[in-house]
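Please look over the sequence and the model below before reading on. The paragraphs that follow move from local contacts to the domains, and from there to the pairing of strands.

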Amino acid sequence: MTEHKNVVVAVRCRPLNAREEKRGVQRLVTMHGQQAQLIQPGEGTGKRGERRQRTYTFDYAYPPVSDSGEAGQQNVFNDIGQAVLGHALSGYHCCVFAYGQTGSGKSYTMMGNSSSSSDAGLIPRISKGLFACIEEEEEREEGVSYHVEVSYLEIYNERVRDLLNPISASSSINSNGNNNNMGLRVREHPSLGPYVEDLTKAAVSTHSEMLTHMVQGNRARTVAATQMNAASSRSHAVFTAIVTRRKQTEAQVTERVSRISLVDLAGSERAGATMATGARLREGARINQSLAALGKVISALADQERRPPAPSSSSQASSVPFVPYRDSVLTWLLKDSLGGNSRTFMIATVSPLDYGETLSTLRYASRARHIVNVATVNEDATAKLVRQLREEINELQRQLHKRTAPSATTSNNANGGGVGSGGDLEDQLAADEKLIAELNQSWEEKLQRTQALQQAQEQALAAMGISVDTDGQGQGVGLHAPRDIPHLVNLSEDPLMSECLVYNLKPGTTVVGDDDSADIRLGGGVAQNHCVFEYDGELIVRPIANSPVMVNGRSITGPKRLRSGYRIVIGAYVFRLNHPLQAREDLLRAEQFGGISSGGSTSRSTTPSDSRPEDWQCYDRAQQQQLALEECDGGHVVRQLQF
Ligand SMILES: Nc1ncnc2c1ncn2[C@@H]1O[C@H](COP(=O)(O)OP(=O)(O)OP(=O)(O)O)[C@@H](O)[C@H]1O
């Protein structure tokens, strides 16, 4: 079955944040039905003095839902997530990509707010819906069974990183914070299309397992970005679920394979606006290169659809505009999703304040609505592919054999034509053999490999000083801080990256540096041996060779005693110290002394002073409880994701 369908485009505006509300700024975007209206700020008035307004029509337009994130997220799932599930379970490839400037809500739409289950985004909701549908169909229909595999990759500076594989995702970052990894190779197969060679595909059997991989992938992304002192918004992230449905009857076995690709693109802002220089500028140029390539692909495809049909088949070929998929890794990998075999959805996220960026996003999105995809149900594609690969492998082996045979070598070199070089043939043969080996792997083998990879990832993170504790219940996933050991929690402006890494400070000494021998390895701006934490009842931090370290906003030059809640800046990294034992003692003391003043500042962001008990006077009793609970909760969870 084949269907011609336009890309479905939704636009979503984020609400004003608390800071913007306080400033009393004017919203420039309003939504009515399927329309988004953008008001030109300042003196942008028309002939009759009215404010200039531009209107764009989309398939869906989501206004900001400031008082209830849940309603907004549910609406997006009802319209887009449910459609994706329906198509994927019918055997169509699907793709959703979020496009918009940094901070406009792409990650919020795709992942959700990790600290709150009610704010879960499209990926967790699609995962939950997928396994609910699978369970229901397996129970209802005899002979039907499903297998789901997931992959998660990141495209950063035109290189592909495997977020489910510890070697390529994190441990290959060298001591200068540069990523040694040349990235995974993007190849193309005539039937398979563009694909990433050696990309990990993890076998998952439940919603919770699928989420674990999403969270682990996000963590790998954060580790890599933290090590390079970058922001996750500078890379494109592609989370893919491959859904295989088998139906076994007495007569035959049929198989349908569909792919659900969920793409969180890098921030789309123009380079000039960010005032970047040096490496950041080059990085920005690469991001712009891929987003510009995406823009060109969208424009070429949209033009193609708007063109009147060619009168004859001979002139048709010349009138088809060239689509520059190969201009970037991103467009090359999304080739199927843009104008190819996929049901595709674009969510354009906009900020209510930024006229220029919002205008450019709305224009981009309206162009995308003209793209027509030709989606086909992918029935028995695996069997066909295996047959094709076998034939290819036989042919390649035959050609290689001809090349290596003494008589043939001379004749091939002499005429030089027809066949690729020996190296090319071997390379192609190796790629085909990898593909066929993967296709022939049993489900049990895939499950075993997934387990081994997960363990390797945890070991790699542990080697970098990062806590990889899990709740052991298989219930929800998240980062868990140890109950008794003091630890550093990373803080970042980027909500996706903040408070999701935990570095333990063990009894004795913990050295922080950018050298492999350091207990905690950090990247940019950190010296080889930067500072040392000494924990022997008391916890102190000591800079090494005058390396810059700040505690609660003050530079230190010698040893400094630390207390729970202190902010510590090491090079370009900001951490909060959690010291569960100390926090518990403080809580007990607070309870013993009972009537602690509730006067004074109630701000949670008050910098703790050197003497914690006095500092505690700043908080009322409920806030003290809350603080202490966050630091040494019975479940000792720093942050937990439960969807
Ligand atoms: N629709 C929304 N409702 C409520 N809060 C939102 C919404 N959209 C975004 N936010 C909030 O706005 C902030 C920025 O959103 P988010 O991090 O998703 O932006 P982004 O476009 O992914 O940025 P980046 O390119 O840096 O990854 C977050 O704190 C998020 O929780």
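Two residues are taken to be in contact when their C-beta atoms, placed from the backbone, lie within 7 Å. Not counting residues up to four places away in sequence, Lys106 touches Ala98, Gly100, Asp264, Leu265 and Thr349. Is Lys106 buried or exposed? Lys106 is buried, because 29 other C-beta atoms lie within 10 Å, and the threshold for that class is 20 or more.

Gly105 is placed in the loop between β7 (94-100) and α3. Gly105 likewise counts as buried, because it has 22 C-beta neighbours inside 10 Å. Apart from neighbours within four places in sequence, its contacts are Arg12, Arg14, Gly100 and Thr349. Both Gly105 and Lys106 fall under the UniProt annotation "binding site", which comes from an unreviewed entry and also covers Gly100, Gln101, Thr102, Gly103, Ser104 and Ser107; such annotations may be inferred rather than shown by experiment.

Helix α3, which spans residues 106-110, also holds Tyr108. Tyr108 is buried, since 23 other C-beta atoms are found within 10 Å, and, leaving aside neighbours within four places in sequence, Tyr108 is in contact with Asn113 and Gly121. Glu142 is 34 residues apart from Tyr108 along the chain, and the C-alpha atoms of these two residues are separated by 39 Å.

At the level of the whole protein, the assignment gives domain 1 (2-308 + 316-376), domain 2 (382-444) and domain 3 (469-641). Where domain 1 and domain 2 meet, the contact takes 9 residues from domain 1 and 8 residues from domain 2. On the side of domain 1 that touches domain 2, β10 (186-189) and β14 (253-264) each supply at least two residues, and the residues of that side divide into 3 nonpolar, 3 polar and 3 charged.

The mean pLDDT of the protein is 77, with 71% of its residues at 70 or more. Among the elements, helix α4 (residues 122-140) has the highest mean pLDDT, 96, whereas strand β29 (residues 637-641) has the lowest, 31. Over residues 408-419 the pLDDT is below 50, and this stretch has 6 contacts in the model beyond near neighbours in sequence. Residues 469-480 also stay under 50, and for them the model has 25 contacts beyond four places in sequence. Where pLDDT is low, the predicted coordinates should not be read in detail. For the complex, the predictor gives an ipTM of 0.98 and a pTM of 0.75.

We turn now to an open sheet of 5 strands, which has the order β21-β20-β22-β23-β26 and mixed pairing. Which strands stand at the edges of this sheet? They are β21 (520-521) and β26 (560-561), and because each has a single partner strand, one side of each is left without a neighbour in the sheet. Further in, strand β20 (residues 508-513) runs antiparallel to strand β22 (residues 531-536) and is joined to it by 5 bridges, with Val511 standing opposite Val532 in β22. Strand β22 is in turn joined by 6 bridges to strand β23 (residues 538-543), again in an antiparallel arrangement, and here Glu534 stands opposite Ile540 in β23. The two strands β22 and β23 form a hairpin with 1 residue between them, and Gly537 in the turn has a positive phi of about 80 degrees. Strand β23 also runs antiparallel to β26, to which 2 bridges join it, and the bridge partner of Ile540 in β26 is Arg561.

A positive phi is also found in residues other than glycine. Asp198, which is not a glycine, has a positive phi of about 65 degrees and lies in the loop between β11 (193-196) and β12 (202-204). Asp198 counts as partly exposed because it has 14 C-beta neighbours inside 10 Å. For Asn552 phi is near 45 degrees, again a positive value in a residue other than glycine, and the place of Asn552 is in the loop between β24 (549-551) and β25 (554-556). Asn552 is partly exposed, as 17 other C-beta atoms lie within 10 Å.

Note on methods:
Residues numbered from 1 in each chain as written. Predicted model: local features only at pLDDT ≥ 70, side-chain atom pairs only at ≥ 80, totals over all residues. Helix = DSSP H or I, 4+ residues; strand = E, 2+ residues; numbered from the N terminus. Buried ≥ 20, exposed ≤ 12 C-beta atoms within 10 Å, placed from the backbone. Domains from an automatic or database assignment. Nonpolar A, V, L, I, M, F, W, Y, C, P; charged D, E, K, R; others polar. pLDDT = per-residue confidence, 0-100. Pairing = 2+ DSSP bridges.
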